[in-house]
Amino acid sequence: MKQHHPPAWAQRFVEWYCKPGLVEDLTGDLHECFERNLATMGPRRAKLVYIIDAFKFFRSYTVRKTLFAHLFMNRIMIGSYVKTSGRNILRNKLFSFINILGLAISMSVGLLLIAFLLDLRSYDRFHENGGRIHRITSIFTSNSEQGGKFATASIKTADLIREKVAGIEEVTTIKNDFSGDAKVGGNALPIRGYWAEPSLFRVFTFPMLQGNPETALKAPYSIVLTESAATKLFGDQPALGKAIEIDSMTYQVTGVMKDVPFFSHIRFEALVSLSTAGQIHKSGPGFGAWTDIWSHAVYVLPSKNADMTAIRAQLDALATEENLAGKNSRIQLELLPLYNIVVGESLRQSEGGPGFTGPHLSPAVLWILGALALIVILSACFNYTNLSIARAMRRVKEIGLRKAIGAGKNEVRLQFLAEAVMISLAALLLSFVLFLALRPLLINMAPEMQRMVTLDLTPATVLAFIVFSVIVGVVAGFLPALFFSKVSAIHAFGNVSPVKTFRHLTLRRALVVIQYTVTLIFITTTAIGYVQYKNILAFDLGFDTANILNINMLDNKPDAMVQALGEMPEVKGVSRSLITTGVGNAWGGIMKYRDSRDSQLVMTNHVDENYLPLHDYKLVAGGNFVSRPATAGAVSEVIVNQQVVKRFHIAGNDPQKAIGEQITLNGRKMTIVGVMQDFHYGKVENHIGPVAFTPWTPEDRTILSARVHGADMPATVAKIEAAWRQTDRIHPFTAEFYDEEIEQAYSEFSTMIKIIGFLSFLAISIASMGLFGMVVFTTETRLREICIRKVMGAGAGNLMFLLSRGFLSLLSISAFIALPATYLFFQILVLPNFPYHTPVQFTELFSGLLVVLLIAFVMIGSQTLKAARSNPVAVLKRE
Amino acid sequence: MKGTNLGEFEELVLLTVAALGNEAYSVAICDELSSHTGRSVKLGVVHAVLNRLEEKGLVTSQLGEATKARGGKRKRFYELTMAGKAALINAKAMRDQLWAKIPSLAWKNG
């Protein structure tokens with residue numbers, strides 16, 4: 001059996017702090033307990049308990065009094081440390097420069113991350129009851145859906161909680177997507193907000209400036225404006241009590257509230273009383289039903305000291321009771337604390353009001369970002385460690401002297417830590433400047449970023465920056481401090497051979513290899529990611545998107561616009577459709593063929609007869625739509641893709657014979673008039689599935705697609721915009737080229753590539769600086785050897801090979817680890833998520849390596865060449 | 001005077017030291033307390049209390065013989081001093097007096 005021992009370091013820790021008189025029986029007791037625990041709970045737990053107990057014994061009566069004296073003495077010495085460190089930094093300008101610059105660059109990433117995290121942490125903290133507020137999460141299970149978690153819940157849930165659940169102080173429901181054009185006097189302005197209840201003001205802290213928060217959202221057709229919305233609509237005049245016309249309905253302004261703070265996950269310009277929605281939607285089917293969980297968020301405020309487990313149990317019971325009635329779907333309820341909404345579990349929401357759940361980031365993303373930043377920072381720390389230990393030889397005498405006049409290991413250790421912290425604090429100043437420069441770049445990188453964070457400086461951020469910088473200093477100085485503290489005075493003054501102090505060569509080599517491996521992984525990831533991203537953009541979706549301008553008609557009838565576009569010579573064709581496909585939008589319907597029990601969800605789009613030729617869809621069989629139905633009820637034709645024919649085995653899988661067959665789509669009989677070749681309806685990461693196009697009707701919302709030709713695109717777009725102004729004076733012109741829309745659909749990839757690309761740029765600069773320092777140092781220390789070799793007849797090329805051999809072998813080891821690792825990472829983890837990807841090419845795999853090697857060659861080459869060219873007479877004469 | 005009064009746990013530890021006689025060292029005291037009171041007694045707490053009792057002069061301690069167990073570390077054995085014995089007797093007497101004062105009638109109905 002293996003003999004287990006208590007963890008040695010914990011034992012040493014006790015011996016370090018404990019009074020000598022108590023040490024023996026204390027460690028003995030711990031040991032006895034450990035042996036006993038070993039038998040009862042196994043070695044791992046026993047060791048853990050030992051460590052915990054070792055810390056628990058750290059009490060006023062066990063601690064050596066001299067320990068405090070030592071700490072006090074060190075404080076006096078810090079002045080001396082600062083002085084010597086400062087001198088040392090100034091003496092080695094090149095190395096200090098490399099260290100400070102490297103740390104500053106890497107720390108700027110850390111600062112950005114800290115500011116980012118603190119921003120995320122400050123979300124929703126302004127609510128007085130924030131710690132108690134929870135949002136209801138609905139877990140929806142049905143035939144086609146397995147336990148999808150939704151951020152929304154039904155109105156009925158809110159009512160039931162109010163009635164039945166004990167321990168809840170307040171419940172408030174917010175219904176999403178209140179938007180319209182607010183008409184005040186002559187002008188109209190678009191306004192956007194939510195439907196809400198009076199209890200909103202009791203749950204959340206949204207201060208009311210005018211009006212009574214208790215009653216403002218009670219009566220139907222009441223509206224509460226934020227301060228800026230009130231100014232937007234009414235200017236300087238008081239808004240309270242005024243009437244606003246929105247969508248031909250008149251609302252009374254019953255309150256003006258302070259603007260919603262930036263760091264709030266719910267953002268709005270206006271709140272309309274929920275009772276209004278009750279009146280408008282009362283006739284609609286399912287409004288207020290238990291399963292209507294798609295468009296309301298329910299927040300609860302449990303009373304102080306409420307038993308959350310009891311509340312959860314009550315919610316479970318409530319859901320179980322309600323689910324008895326439903327046949328096809330089940331809903332379970334969960335509570336999500338307010339502070340976990342922005343950073344927390346990813347929840348789904350049905351297609352609806354944009355930004356309803358507000359900004360969200362999953363913790364996994366934060367962990368990945370943190371890990372990447374940590375890698376870059378560690379790389380800079382490695383530089384410091386490496387260069388400090390490499391220069392050890394020159395400082396050994398200093399340490400020896402310190403030790404000879406009474407410095408202990410601790411003092412030496414502290415001195416080197418102080419030096420590292422000084423360097424990192426100096427780096428902090430520089431990295432702060434970098435932080436200020438990089439901040440706008442980061443925020444403007446993606447629109448989501450602008451909505452999510454401000455990265456403003458607060459006292460908390462500044463404090464975090466300083467703490468962070470000290471930690472970085474300690475991490476960087478840890479190994480040198482350990483190394484130098486072990487130098488003994490005798491060795492230092494003896495005729496110390498340089499070889500001896502180079503014992504840590506393996507460590508330094510390992511650090512360089514790690515640094516370069518990481519750098520190579522970063523840079524190849526960027527290269528591969530970029531190529532894959534470009535491939536996605538250039539991907540053949542199965543239809544033509546070049547020079548097509550998609551104009552969102554919003555709620556306007558498209559006819560006037562179609563006519564205006566038709567008159568422009570630059571516009572070669574116009575088509576109408578319900579949605580834009582290929583960018584992640586989806587519209588679906590249930591399709592059945594002969595077997596009424598066999599149904600399938602198919603993706604649909606409503607398109608007019610010009611849509612297929614305009615986008616160059618290829619028909620395998622049949623033809624375009626013939627009829628032009630005026631209402632959705634009159635639609636009788638459908639064009640399907642090959643997948644539909646295959647899925648239902650229509651006419652024995654023969655597209656030609658499928659023409660004229662009847663299918664049912666959303667309960668309506670339709671005749672197949674054409675079969676399209678398969679194309680990408682969804683994004684590239686989705687498999688191609690069954691798709692059906694039905695004729696567009698004037699009842700549908702419209703996206704106009706215009707194929708634009710001509711040399712001057714901006715002028716053409718401006719012309720079209722002028723035409724839009726004729727149709728709609730209120731809303732801005734929202735049009736985008738199809739290709740740009742596709743680019744935006746994959747913006748998360750481009751953001752990711754930008755971040756990793758930036759980090760790889762930093763990693764490569766830091767690693768290069770470190771390598772440069774090492775090369776300079778090595779050539780300097782070996783200068784005499786080189787000169788002797790030169791005298792003996794070695795050529796420049798020969799010497800360069802000699803000097804760079806070691807570094808090149810380290811680089812090849814890194815390449816050997818990094819390239820296969822990156823390749824496997826993409827092939828096994830990333831690319832399988834994209835069914836239609838192109839395989840990783842060797843060019844992008846090796847291009848990164850080539851760049852890194854090139855930079856390394858330049859640095860090694862320049863220094864070794866300088867050394868190889870030096871005049872032996874000048875160097876050797878010095879002694 | 002502060003320092004002569006015994007806390008509840010101090011009293012228990014002191015009693016255990018007395019009960020264990022020659023075998024009264026920290027881990028044994030801890031075990032004994034755990035088995036008698038039924039609550040899990042932490043070693044660190046016992047240590048702290050023993051230390052305090054020693055400061056108050058209620059117990060004395062000395063290191064025992066080295067053994068192979070305990071990683072070769074000696075045990076510290078505790079012993080009651082005269083003051084310690086007096087404190088225990090005092091505490092018991094005080095309790096007995098209070099017990100005697102409880103009217104038997106009230107006790108039964110409770």
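A quick definition before we start: the domain bounds used here come from an automatic or database domain assignment. Keep in mind, too, that this is a predicted model.

**Exercise 1.** Find which stretches of chain A make up domain 2 and domain 4, then say how far apart the centres of domain 3 and domain 5 lie.

*Solution.* Start with the assignment: domain 2 of chain A takes in 68–122 + 360–496, while domain 4 takes in 497–541 + 740–879. Next, look up the other pair: domain 3 covers 152–340 and domain 5 covers 548–739. Finally, the C-alpha centres of domain 3 and domain 5 of chain A are 36 Å apart.

**Exercise 2.** Decide whether Leu803(A) is buried or exposed, and list its contacts beyond four places in sequence.

*Solution.* First locate the residue: Leu803(A) sits in helix α26 of chain A, residues 796–830. Now count: 22 other C-beta atoms lie within 10 Å of Leu803(A). The cut-off for buried is 20 or more, so Leu803(A) is buried. Skipping neighbours within four places in sequence, Leu803(A) touches Thr778(A), Thr779(A), Thr864(A) and Ala867(A).

**Exercise 3.** Work out how helices α10(A) and α24(A) are oriented to each other, and what kinds of residues make their contact.

*Solution.* Take the axes of α10 (residues 363–390) and α24 (residues 747–781) of chain A: they come within 10 Å and cross at roughly 5°. Angles under 35 degrees count as roughly parallel, so α10(A) and α24(A) are roughly parallel to each other. Contact residues include Leu372(A) and Phe382(A) of α10(A), plus Ile766(A) and Gly770(A) of α24(A). Sorted by type, the contact has 14 nonpolar residues, five polar and no charged.

Definitions and conventions:
Residues are numbered from 1 along each chain as its sequence is written. Chains are lettered from A and ligands numbered from 1 in the order in which they are written. This is a predicted model: local features need pLDDT of at least 70, side-chain atom pairs count only at pLDDT 80 or more; totals for chains, interfaces and linings use all residues. Helices (H or I, at least four residues) and strands (E, at least two) are DSSP runs, numbered from the N terminus. A residue is buried if 20 or more other C-beta atoms lie within 10 Å of its own, exposed if 12 or fewer, and partly exposed in between; C-beta atoms are placed from the backbone. Two residues are in contact if their C-beta atoms, placed from the backbone, lie within 7 Å. Axes are lines fitted to C-alpha atoms, for helices over the stretch in contact, and angles run from 0 to 180 degrees between N-to-C directions. Angles under 35 degrees count as roughly parallel, over 145 as roughly antiparallel, 65 to 115 as roughly perpendicular and the rest as oblique. Ala, Val, Leu, Ile, Met, Phe, Trp, Tyr, Cys and Pro count as nonpolar, Asp, Glu, Lys and Arg as charged, and the others, Gly among them, as polar.
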